[in-house]
Amino acid sequence: MRRTFLKRAGALSALALAPPAWAQATRPFRIVAVTWRGKTQVEIGMEDFFGKQGLPIEFTWRDAAQTPARLEGFAREIKELRPDLVFTWGTTVTLGIAGAHDAPNPQRYVTDVPLFFAMVADPVGAKVVTALKGQGRDVTGVFHVAPLSAQVETMRTYRKFATLGVIYNAAEANSVAIVASLKRLAATQRFAVVDVAFDRDADGKPLSTGIDEKIAWLKQAGAEWLYLGPDTYLFSQLDRVAAAALEQRLATFSATEAVLNSRAPVLTGLVSSYYLVGQFAAFKAAQILQKGMRARDIPIETLSRYSFIVRMEVAKQLDILPPVALFNYAIVR
Amino acid sequence: MKGGAFFQRQLWLVMTVVMIVVMASIAATVGLMYRAFDASIAPQMLEKAKTAGRSLNSLLGQGATYGIPLEKLVGVGDLFADTARQHPEIARIELSLGGKGLHTHGPEMPAELTTRLPVPGYESARAELAVSIDPQYVRRLFEEMSLDLLVVAVVTLFISLELLYFLAGGLLADLGTIRTQVDALSKGAFVGLPRSTLLGREWSAALGARADALTLRYHQAVAGLRARLRTRHQVGRESMRRAIAELRTLRSRFNFSDARGAQGSHGAALILGAMRAPFFLLLLADDLSRSFMPMFAAGLEVGPLHISPNLVASLPIFAFMLVVALSQPVLGGWSERIGRRRSFLAGAALACVAHLLSAQANTLLELLIWRSAGGAAWAIAFVAAQGYVLDHTDTRTRTVGLAAFVGIIMVSMICGPSIGGILADGIGHRATLALGAALTLASLALAWRRLPADRAVSPAPSTAPVVPAVTERPRLALAFSNRRFLLLLLLAAVPAKLILIAYCFYLIPLYIVGVGSSSAMAGRMIMLYSVMMVLLVPLMANWVVAQRARHADEPEALFVAIGLGLSGLAGLAMALPLGLLSPLILVFLLGVGQSLSISPQAAMVAEVCKDEIRTLGQSAVYGVYRMVERMGNAIGPLVAAALLEIGGFQTAFIAIGALVLLCAALFAVIFLPRRAPAGAVAKAAA
């Protein structure tokens, strides 16, 4: 009912050439936003965008506090509240609220309210949607990881290499897919990939044992870079992994901004700014709320620009300084 | 028609004088500018070097803000090399610390050519950046400019000649009409043929003679009729009516004074003149992109499949040449059916669209589609223009007509690549392609206004074409039934075209730009080849005829073998370590070789295929010959791309050269007459 009404309102307002006026006359739009570890720059970028657009939004904030068990309750609450739109942060939260596309369960998941997400590294690989365009369900959003080839090229401009090391959690489908993609890229671009997975217990849950040895092994296998992908378990062990890499004088490269913002001594990365990701996600939300578009008709995209971040303190500790020409375009911290 | 010859001589005299004056003034201007410039430019160049030094310093200085010691900075050598590459006027960059050199790029330069800047943030360590300018840079700049001016002068000369033909075409035709009417007055009842023509004095003379003959025959017919009437006065009305009918027939056949007939015949000169400019513009539009098409293609998006850039660069030429080779035989009949005017207009319109869309192609696929369309357009216009010549000339004038036709093609080959190269360096590849679209649009407009509708009367006044007409579809089986013909095709015709297109249209443009020179230089090389062809082909053809007359044997095979051998040798010139002189030698040898072999080779077809020509006709045999030859055009760039991919430029040049040399040797062994001196075989094989 409300969706058709909104659509008409949108059409009307488009005719009147005064888009926000109609919306402002009615009550604000309601969004339930579910975060993973509290508010980040993503949400700040999002709020700023709505503010600048003069789009009145009434947020209901829910935080999973890195506990997946809480998500079921949030989903139930969303079904009762029936907001105009749901926002989710990250792969775990998005799957916990909307469910995977190949396991529909309308009782457990929210399926009748449109949803937009941010920070899902690989929406197709994680089975949030079947494709980035024509996704077939009312889910849209913004992912934040630069294309692998661009990441590899960035490593190369910092320091040429023949062998790339990767550490990942073999229980995360997304991470396994990235390692496979890296190997495919390596075949065409003539470099080698050496990889190790975290130990796992009998149930398949990852363990933090033997991390130092694994990093040392990668170094011995000839790795000149250690690639840190968008891997959830890796984030939880970041301090240890980065310290071990520093110990081995292994340059570390990250695909996500949060890793470079952490205390862990990670050298560099090609990342999306969380703030800009939030703004882009909000733009997509505005298309749904203001223009009455269906979420399924809005393609899932990533930013076209990335920041090349170099942490000089880590570079000095590693004694792997960036080439001078890089000062022209990298953000040195 | 002595007036025409006089006019021609005067024209050439004036053109030569104009050319000499233009050349001299260019030389003088460049010389004066060089002296003036040399004195004033050094300080400006030093200023430019200082700017480059400052931007380097701002990077180096950032190292200080991050607390990195100067000697620990990474990638300084690469940075200097990059900067020197971007600034051709910089000869040397040096970073020194406390008087000791830390990083240097380039050879030592005198102090007056060097600017010195302290590196910010490292002043306490006495860090200094020294940037030196290259005194050769200004000289190189002027060399480039002089060459460009020379090219422009040559092109101007040829284009003004074309313009003159274009203007004179209309003028002469008008004069011809006036003369016709004067003649008509003097001859009473008859209106004679126009005597002025673009095609040459001989034709006019022939037409004049023909008109006189007709007049005579008419008078004879009338006299005969009178005699018959006198002697057979008693014969009934029946025979009288027959006689009148006969008279009428004669009148309708030979009277040129009625409006339609007059337009049709004196139009011949006008039509060929009218065809000239649109056809030239159309060819020019295409030749503009010759010097940079491989470079342009290599820069486009390929798609998900991984295709090597070298192959990508060769594909547009391949597509173009393939379409031309395959479509031309088919087009002959079509063009005749729908009419020359309509087919030319269709070709020009298609070419315009093809150029415009090539200019904005973003992917290889788009470019290939539009280049294929361009090839079809080229072939359509070519066949239509050739058709005009064949339709409006007879056995006696056809050679002159076709020479004019080939002349247009050669002039375009001289002007297009060279000017296109300069334009590409100046306004970019896409804008030059778009300019080609504008030229084809002009061609379309001119053709629309000037090309006459096709004659309703039966096409060619002659029955047996001297030159292969394009109406017959070639029967490829022909090539396989005659072993000597097949060998002629595979050992001479295809290799000659293969090496030409592989070198001139593909390898040279890529190589010249690859060694750091410009598209303009590539254009100049192609132009050199075309100029040589224009100068040498008639000379060589006459020489062959002279040889033939003197020795009363058939020297064609020897000429083909030597010509092919020279073309092959041309490729080996790239083994010489002479820089840009090597391709120059290559183009020179290729020009000599090709001009030697082209006409004897075509003549050999007639000899090798004597029987086939008797049974199938000349056009069928030459149709096959041209088509197979053009397949050589198409595969040339592919072969070159494959060799380039495997072994780089030198390998590609030399391998193709060696291949053609081998073909020449085999050809010599098979075709040289037994009685030819043994030395000739060895000479050709060398």
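Why is strand 5 (residues 139-143) of chain A described as largely enclosed by the rest of the structure?

Mentor: The model is a predicted one, and what follows should be read accordingly.

Strand 5 of chain A is described in this way because five of its five residues are buried. The burial applies to both directions in which the residues point. A:V139, A:G141 and A:F143 point one way from strand 5 of chain A, A:T140 and A:V142 point the other way, and all are buried. This arrangement may be read against a general rule. In a regular strand the side chains alternate between the two faces of the sheet.

The partners of the strand come next. Strand 4 (residues 115-118) of chain A pairs with strand 5 of chain A in the parallel sense, over four bridges. Within this pairing, A:L115 has A:V139 of strand 5 as its bridge partner. Strand 5 of chain A also pairs with strand 11 (residues 301-302) of chain A, again in the parallel sense and over two bridges. Here A:F143 stands opposite A:T302 in strand 11 of chain A. A:V139 and A:F143, which take part in these pairings, are two of the residues that point the same way from strand 5.

The connection that leads towards strand 5 deserves attention as well. A:M119 lies in the loop between strand 4 and strand 5 of chain A. Its phi is near 65°, a positive value in a residue other than glycine. A:M119 is buried, because 28 other C-beta atoms lie within 10 Å. A:R190 has a positive phi of about 60° although it is not a glycine, and it is located in the loop between helix 7 (173-189) and strand 7 of chain A. A:R190 counts as exposed because it has 7 C-beta neighbours inside 10 Å.

Seven strands of chain A form an open sheet with mixed pairing, in the order 7-6-8-9-10-12-13. Its edge strands are strand 7 (192-197) and strand 13 (331-332) of chain A, each of which pairs on one side only. Helix 8 (residues 211-220) of chain A packs on this sheet and touches strand 6 (163-168), strand 7 and strand 8 (225-228) of chain A. The direction of helix 8 makes about 165° with that of strand 7 of chain A. Elsewhere in the sheet, strand 9 (residues 251-254) and strand 10 (residues 268-271) of chain A pair in the parallel sense over two bridges. In strand 10 of chain A, A:G269 is the bridge partner of A:S254.

Chain A as a whole supplies the background to these details. Its secondary structure comes to 13 helices and 13 strands, and 42% of its 333 residues count as buried. Of the contacts in chain A with a separation of 6 or more, 73% are accounted for by residues 24 or more positions apart.

Chain A also meets chain B. Ten residues of chain A are in contact with 15 residues of chain B. The side of chain A that touches chain B has eight nonpolar, two polar and no charged residues.

Chain B itself has 20 helices and four strands, and buried residues make up 44% of its 686 residues. Among its helices, helix 17 (residues 581-608) has 28 residues and reaches 39 Å from its first C-alpha to its last, close to the 40 Å expected at 1.5 Å a residue. Helix 17 of chain B has a kink of about 30° at B:I598, shortly before the proline B:P600.

B:L487 belongs to helix 14 (residues 483-514) of chain B, and its C-alpha is separated by 9.4 Å from that of B:L666, 179 residues apart along the chain. B:L487 is partly exposed, with 16 other C-beta atoms within 10 Å. B:I670 is found in helix 19 (residues 618-671) of chain B, and 9.9 Å separates its C-alpha from that of B:L491, 179 residues apart along the chain. B:I670 is partly exposed, with 14 other C-beta atoms within 10 Å.

Key
Residues numbered from 1 in each chain as written. Chains lettered and ligands numbered in written order. Predicted model: local features only at pLDDT ≥ 70, side-chain atom pairs only at ≥ 80, totals over all residues. Expected span 1.5 Å × (residues − 1). Bend = angle between axes of the 7 residues up to and from the residue. Contact = placed C-beta atoms within 7 Å. Nonpolar A, V, L, I, M, F, W, Y, C, P; charged D, E, K, R; others polar. Buried ≥ 20, exposed ≤ 12 C-beta atoms within 10 Å, placed from the backbone. Pairing = 2+ DSSP bridges. Axes fitted to C-alpha atoms, helices over the stretch in contact; angles between N-to-C directions.
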